Amino acid sequence: MFEFVRTHQRLMQFLLLLLIIPSFALVGLQSYSSFGDGANTVAKVAGQPITQQELDNALRQQMDSMRQAFGERFDPKMLETPEAKQGVLDNLISQRVLAATVNSEHLSVSDQSLQQAILSVPALQGADGKFDNERYKSLLAAQGMAPTMYEARLRQDMAMQQLNGAVQATAFTPKTVAMRLSDINDQERDVQELLFKTADYAAQVKVTDAMLQDYYTRNAKEFEIPEQIKADYVLLDSAAIAAQVTVSDADIKSYYDQNQSRYTTPEERRASHILVSVKKDAPATEQAAAKAKAEALLAEVRKNPAEFAKVAKANSQDTASAEMGGDLGYFGSGMMVKPFDDAASKLKQGEISDLVQSDFGYHIIELTGIKAAQLKPLDEVKAEIGAEIKKQLAARKFTEMAETFSNTVYEQGDSLKAVADKLHLQIQSAANLGRQPNPAVAATAPYNNQKFLTALYSDESLKNKHNTEAVEVAPNTFIAGHVVEYKPVTKRSFEEVQAIIRDKVTRTEETALAKKAGEEKLAALKAQDNASGFGATQTVSRAKNQGIDPLAFEAVMKANTTKLPAYVGVTLPQQGYAVYRIAKVGQPATQDQARRIAEQQQITGVLAQQEMLAYVDVLKEKAKVKILKPVVATPVDGGDKQN
């Protein structure tokens, strides 16, 4: 990757968002026309709101995508910063303005392109490699979507991608620019090293007691042992309360009887349809032609209902279902668009509807099956109901116990025994607690929480020996502590660390002597070239820099080579001071043309993204985008609230 690409941080952030935020049509985001409560609005685009719920959904989806991409290396804290959240909001705004542009410019995608996109999705292909219509419909049904609804959204998403592609296609990289950058990347430098090793100067180093004492005094904090607290604590959380809640069979039976609708599988209907597509805002002539075609097809299937599947396959413009003879499978109430859903709910099995007009055109519906609603037996849902009742009782009990917990730790503040006895909680202990959370301890440990540690180190707890207040360290999780032992900041004695200091001072002095000798040699070489003493010649370039220290490589490649041989010196930690002699600069004998073409494409891709960023910025200005609420660093996934 070229250096200039590494420095374009805003661009790289945008590229990352494009990679890890999934397309709305593929994950079932809310429709772009679905807006929320004004009080929940975080931003406005062309007067239309982006709600906090939409932002939270986008954050959650991005977290899921990153978890899949990074696996065990994923850290949720990556998305808890204001910068990360602002990036997600910016992406939502960009999607909104691009969708508005697609609509205003009447951009669309052909049925053939849409069908090809759906048929090529690997997840929708069966074991034989062919499109699996049942899998397609079941995946959509799991998201509460019908094929027609999904296809409309996918069509808009593809139109947005076309707009994106059209803008990016305006970017190009002049061949001379690409060649120059590739030449810089390929440039080879013949280098020799002369290393002044620190170990070679050990005999010259004279370390005195005064030097050791001086280092000990000047670097006092290096030898400090931080203050620490040992504390007892009690924890009130859902698990502690649930352990105290019991649910009887009578409670379960009563709940089952009162909530039978929750355990009833609703009626499902299976239908086939024939769609004659026409937009609602199409000219009257197109509307009339579509209706006439639909009426002719309706007459044909009513005359011979057994031919419905054949007619649907030949004439329906719902490409996904047409292949299956118009079959839409089973669906529940509300899963299809209105008025399709209403019409299907009124048909008897085997009956064919009149023409039904929706936003997608004219439908002819045949009801092919009905699954009656079924109540699950009590034994099948008994465990589920017991858990639900326990959860409700625990939540109710938690509210009562939380108040008692808070009051007791305050009113009887000399010990945690009273609250532990009253609420049947266990007193636990934690040692070596500092003022800040310990990164070596699990972040989920309740005592390894900043608010709790702050409370422990307060004067009330530390000096007055009182319990801390009840601290909420997570949703439905309270902790209170009592300081058992406090160890103030101490300093390791000089005698204890004298050997460590001697080693540090010795190495510092050795490095200083090596550097002095190296700089003197460097000055002499710049005045008069002399290759004696240098090691073997090594050829390095940005494309191949193995075998040379990274600090040395950076210095060598930045060195001014207008006059050869050129010299550069650099301090190498733990090694000494190195002088490098650059005797030759040139291009490799053979060029990797495939890589050069890839580099040109890479540069063009970066410029294309810049064009897209600029275009989106113009659209945002035109849409009068307003950020109404600042984005703050709070966990996206639950957990502590940051004050």
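In the predicted model, helix α10 (residues 209-218) packs against helix α21 (residues 494-527) at an angle of about 105°, and their axes lie 9 Å apart. Axes are lines fitted to C-alpha atoms, for helices over the stretch in contact, and angles run from 0 to 180 degrees between N-to-C directions. Helices (H or I, at least four residues) and strands (E, at least two) are DSSP runs, numbered from the N terminus. The angle makes α10 roughly perpendicular to α21, a term that covers 65 to 115 degrees. Contact, defined as heavy atoms within 4.5 Å, involves residues of α10 including Met211, Leu212, Tyr215 and Tyr216, and residues of α21 including Phe494, Val497, Ile501 and Val505. By class, the contact of α10 with α21 has eight nonpolar, two polar and four charged residues. Here Ala, Val, Leu, Ile, Met, Phe, Trp, Tyr, Cys and Pro count as nonpolar, Asp, Glu, Lys and Arg as charged, and the others, Gly among them, as polar.

Residues are numbered from 1 along each chain as its sequence is written. Because the model is predicted, local features need pLDDT of at least 70 and side-chain atom pairs count only at pLDDT 80 or more, while totals for chains, interfaces and linings use all residues; side-chain values use heavy atoms, without hydrogens and water.

An open sheet of four strands runs in the order β12-β5-β14-β13, with antiparallel pairing; two strands pair if DSSP finds at least two bridges between them. β12 (427-433) and β13 (471-474) stand at the edges with a single partner strand each, so one side of each has no neighbour in the sheet. Neighbouring strands are turned by 40° against each other on average, direction ignored. Three bridges join β13 to strand β14 (residues 477-487) in the antiparallel sense, and alanine 474 stands opposite threonine 477 in β14. Helix α17 (residues 378-411) packs on this sheet, touching β5 (228-237) and β14, and its direction makes about 25° with that of β14.

The largest nonpolar core has 50 residues, and Ile50, Ile118, Tyr136 and Phe340 have the most contacts inside it. Such a core is a set of buried Ala, Val, Leu, Ile, Met, Phe, Trp, Tyr and Cys residues joined through side-chain atoms within 4.5 Å, where buried means under 20% relative accessible area (1.4 Å probe, protein chains only). Leaving aside neighbours within four places in sequence, phenylalanine 340 is in contact with His273, Leu328, Phe331, Val356, His363 and Ile365. Another core, of 18 residues, lies apart from the largest one and includes Val245, Ala394, Met401 and Leu423.

Methods. Parallel < 35°, antiparallel > 145°, perpendicular 65-115°, else oblique.
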